Each structure stands twice: as C-alpha cells, then as structure tokens.
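Reader: I am new to this structure and would like to know what stands behind the words used for it. Please take me through them one at a time.

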Amino acid sequence: MILSIISAIANNNEIGMKNELLWDLPIDMKHFRETTTNHPVIMGQRTFESLGTDSNGLAGKPLPNRRNIVLTLDKNFERDNVETYYSIEELEKALNDTMGKDEEAFIIGGGQIYKLFIEKADRLYITHVNEEFKNADTFFPIIDKDKWGKISEDKHIKDEKNIYDCNFVIYKRK
Ligand SMILES: NC(=O)c1ccc[n+]([C@@H]2O[C@H](COP(=O)([O-])OP(=O)(O)OC[C@H]3O[C@@H](n4cnc5c(N)ncnc54)[C@H](OP(=O)(O)O)[C@@H]3O)[C@@H](O)[C@H]2O)c1
C-alpha cells in the first residue's frame with residue numbers, strides 16, 4: 001500500500017480554525033476531489049464532523065465514491081457508510097489486510113491525525129496557500145526538507161474565484 005497525506009497549508013503551516021478550513025478555494029476542492037476519488041480516505045473524528053451533516057442529521061457526511069475511514073477514541077462513535085477504528089494499530093492492520101501493494105490511501109486530516117502519520121507516509125500532496133492566517137488554531141507538522149523531496153509542482157495565480165495564489169506540490173520521502 002502507498003500511504004499518502006493530502007493537505008492545504010498556508011505560509012505558517014496553518015490548516016484550520018474552530019474546526020473549519022481557513023479559506024474557500026474551489027480550485028483546491030477540485031484538486032482534492034480528483035486526487036482522492038476512488039481511494040480510501042482516513043481522517044480524525046473532528047475532521048469528519050466538519051464535513052456537513054448526514055441523512056440522520058448527525059455531524060459528518062461521508063465523502064462520495066471513497067472508502068471513508070475515521071479514527072476516534074470514542075467507542076460509541078458509529079456512522080452509516082463509515083469504517084471506524086480506535087487505534088492506529090487496528091487501522092494499519094485493516095489497511096494491510098484489504099489493500100494491494102500498489103493501491104494508494106490518503107490521510108486527509110486534521111492536525112492530530114497528520115501528526116500521527118507524517119513519519120509513516122510515503123508521499124505528501126501539499127497545496128501551499130500563499131497567505132498567513134493569524135487566527136489559525138490547527139497546524140500541519142513541519143515538512144523536513146532533508147526527508148522530503150519535491151517531485152512535482154503546479155502553480156496557480158489567484159483569480160476571481162480563488163483569492164490566494166497556490167502551488168500544488170507532491171513530495172516523496174527521500
Ligand atoms: N487544510 C486542510 O487541508 C485540512 C484538512 C483536514 C482538516 N483540516 C482542519 O483541521 C481541523 C481539525 O483538526 P484537529 O487536529 O482538530 O482534529 P482531527 O485530527 O481531525 O481529529 C482529532 C480526533 O481524532 C481522534 N484521534 C486522535 N488521535 C487518535 C488516536 N491515536 N487513535 C484514535 N483516534 C484518535 C480523536 O477523536 P475523538 O475525540 O472522537 O476520540 C481526536 O479528537 C479543522 O479546523 C479542519 O478544518 C484542514
């Protein structure tokens with residue numbers, strides 16, 4: 001299995017505030033959807049709950065066309081169309097048992113979960129958002145350039161719909 005992390009991060013590694021994103025960038029939403037569709041997506045319970053409301057009125061709506069996997073310490077957490085694990089070990093065993101060697105799974109956040117997996121990931125798909133957000137309360141871990149090599153980048157200049165410049169970078173573990 002290839003384990004990848006996908007995140008959009010600002011100039012000081014800011015990724016969120018009050019359990020929401022810090023920006024509305026349709027171009028990054030499209031990139032996220034295209035990159036992760038048909039792959040398992042793994043997230044913390046807080047990120048899951050930030051994804052809208054399900055048909056039962058509960059916080060958290062599974063992302064379509066993806067195997068949705070949530071990590072939580074809450075043994076009572078249960079949602080339709082979501083696979084839940086209560087430890088990293090349990091999650092890793094399930095992935096190893098169900099995924100082929102060339103199949104890719106994506107860690108999609110948030111801050112706590114990125115921190116748990118950055119030392120285990122093979123690739124990072126980072127959207128660098130060229131702005132600073134003083135009110136952020138959640139951050140991506142430092143990307144150590146001695147450990148990660150840039151293998152591609154795709155720069156986009158801001159426009160009417162996307163108000164910050166951004167750069168879609170893929171890093172591979174050296
Ligand atoms: N910019 C981006 O690309 C991006 C992407 C995703 C999210 N975000 C942002 O990030 C923020 C959310 O991040 P966050 O750090 O607050 O929360 P999070 O990482 O999404 O989820 C944290 C939760 O994961 C569970 N957890 C943590 N460690 C665990 C472990 N060892 N085993 C099992 N479960 C574990 C716990 O759930 P329980 O409390 O249920 O036990 C914990 O509360 C939001 O602002 C969101 O918008 C940004």
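Author: The model is predicted. What covers the buried residues of helix α3 includes β3 (41-44), β4 (68-71), β5 (83-85) and α4 (111-117).

Reader: Which residues of α3 are buried?

Author: In α3, which spans residues 88-98, the buried ones include I88, L91, A94 and L95. Buried means under 20% relative accessible area.

Reader: Why are these residues said to line one face of the helix?

Author: Looking down the axis of α3, the buried residues fall within an arc of 130°, so they line one face. On the other side, E89, K93, N96 and D97 are exposed.

Reader: What does α3 touch in the sheet?

Author: α3 packs on the sheet and touches β3, β4 and β5. The direction of α3 makes about 160° with that of β4.

Reader: In what order do the strands of the sheet stand?

Author: Eight strands form an open sheet in the order β5-β4-β3-β6-β1-β7-β10-β9. The pairing is mixed.

Reader: What makes β5 and β9 edge strands?

Author: β5 and β9 (148-156) each have a single partner strand, so one side of each is left without a neighbour in the sheet. From one strand to the next, the twist averages 20°.

Reader: Which strands run parallel, and which pair in the antiparallel sense?

Author: β3 and β6 run parallel and are joined by three bridges. M43 stands opposite G109 in β6. β7 and β10 pair in the antiparallel sense over seven bridges, and the bridge partner of L124 in β10 is Y171. β9 and β10 are also antiparallel, over eight bridges, with K155 opposite N167 in β10. At least two bridges are needed for two strands to count as paired. The three bridges between β3 and β6, the seven between β7 and β10 and the eight between β9 and β10 therefore meet the cut-off of at least two.

Reader: Why is the pair of W23 and F133 called tilted?

Author: The ring centres of W23 and F133 are 5.3 Å apart and the planes stand at 55°. Rings pair if their centres lie within 6.5 Å, while planes under 30 degrees apart count as stacked and over 60 as edge-to-face.

Reader: Where in the chain do W23 and F133 lie?

Author: The pair links distant parts of the chain, 110 residues apart. W23 is in the loop between β2 (14-16) and α1 (26-36), and F133 is in the loop between β7 (123-129) and β8 (138-139). Both W23 and F133 are buried. Together with Y164 they form one aromatic cluster, and the structure holds five aromatic pairs.

Reader: Why is N19 called partly exposed, and N38 exposed?

Author: The relative accessible area of N19 is 29%. Buried is under 20% and exposed is over 50%, so N19, at 29%, is partly exposed. N38 has 65% relative accessibility, which is over 50% and therefore counts as exposed.

Reader: What is noted about phi in N19 and N38?

Author: N19, in the loop between β2 and α1, has a positive phi of about 60° although it is not a glycine. N38, in the loop between α1 and β3, has a phi near 75°, a positive value in a residue other than glycine.

Reader: What makes the peptide bond from G109 to G110 cis?

Author: The omega of that bond is near 0°. G110 is placed in the loop between β6 (104-109) and α4.

Reader: Which residues touch the most other members of the largest nonpolar core?

Author: They are I5, F117 and F140, in a core of 27 residues. Its largest share, four residues, comes from α3. Apart from this core lies another, of twelve residues, among them M43, V70, V82 and Y125.

Reader: What is F140 in contact with?

Author: Leaving aside neighbours within four places in sequence, F140 is in contact with I5, S7, I9, N13, I15, Y114, I118 and I126.

Terms used:
Residues numbered from 1 in each chain as written. Predicted model: local features only at pLDDT ≥ 70, side-chain atom pairs only at ≥ 80, totals over all residues. Heavy atoms only, no water. Buried < 20%, exposed > 50% of the residue type's maximum accessible area, 1.4 Å probe, protein only. Helix = DSSP H or I, 4+ residues; strand = E, 2+ residues; numbered from the N terminus. Arc of directions from axis to C-beta. Contact = heavy atoms within 4.5 Å. Phe/Tyr/Trp six-rings, centres within 6.5 Å; stacked < 30°, edge-to-face > 60°. Axes fitted to C-alpha atoms, helices over the stretch in contact; angles between N-to-C directions. Core = buried A, V, L, I, M, F, W, Y, C linked by side-chain atoms within 4.5 Å.
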